[in-house]
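Open the model in a viewer and keep the selection panel at hand. The stops below say what to select next and what is there.

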Amino acid sequence: MGRRIRDLRLASHATQNEIAQVLNISRSAYTLYETDKRELNFETLCRLADHFQVSADYLLGRTDNPRLSEELKPEERLLLERYRELDSRGKDTVQTLLRYEYGTLNKGTPVPGK
């Protein structure tokens, strides 16, 4: 977890002291988080996630996707559920159709997954 916190801090061009101020702790206490010598408590975890605009799951290493997930609409959830029930041939067909549709809507834009 310390490495992720450090990487986020460096990507934001912030100093350890600046992040420590956000957390209302000393720089030396913050350094312990980055070096994995101290575990984050719930409040500190939430503050860091909010500050860096990432999910707590990302900080905890439960996902490699740092973005906050937005709630799916009911029709999106249904599509996902149905997609997961397809066999590999069905999934390939859906992916081909999506690549085609994406390319049609975004002419001149590279089609992901090609």
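Helices here are DSSP runs of H or I with at least four residues, strands are DSSP runs of E with at least two, and both are numbered from the N terminus. This is a predicted model, in which local features need pLDDT of at least 70, side-chain atom pairs count only at pLDDT 80 or more, and totals for chains, interfaces and linings use all residues. Residues are numbered from 1 along each chain as its sequence is written, and side-chain values use heavy atoms, with hydrogens and water left out.

**Stop one: the core.** Select Ile19, Tyr30, Leu48 and Leu59. In the largest nonpolar core, which has 16 residues, these four touch the most other members. A nonpolar core is a set of buried Ala, Val, Leu, Ile, Met, Phe, Trp, Tyr and Cys residues joined through side-chain atoms within 4.5 Å. Buried means under 20% relative accessible area, exposed over 50%, and partly exposed in between, with a 1.4 Å probe and protein chains only. Now colour α1 (2-11), α2 (16-23), α3 (27-34), α4 (42-52) and α5 (56-60), the elements that each give two or more residues to this core. The largest share, 4 residues, comes from α4.

Keep Ile19 selected. Neighbours within four places in sequence aside, Ile19 is in contact with Arg9, Ala14, Tyr30, Leu48, His51 and Phe52. Contact means heavy atoms within 4.5 Å.

**Stop two: α1 against α3.** On the α1 side, select Gly2, Arg3, Ile5, Arg6 and Arg9; on the α3 side, Tyr30, Tyr33 and Glu34 make the contact.

**Stop three: α4.** Which residues does Thr44 touch, not counting those up to four places away in sequence? Select Thr44 in helix α4; the residues it touches are Leu23 and Tyr33. Thr44 is buried, with a relative accessible area of 10%.

**Stop four: two loops.** Go to Asp36, in the loop between α3 and α4. Phi of Asp36 is near 60 degrees, a positive value in a residue other than glycine. Then move to Gln53, in the loop between α4 and α5. Gln53 is not a glycine either, yet has a positive phi of about 55 degrees. Gln53 is exposed, with a relative accessible area of 62%.
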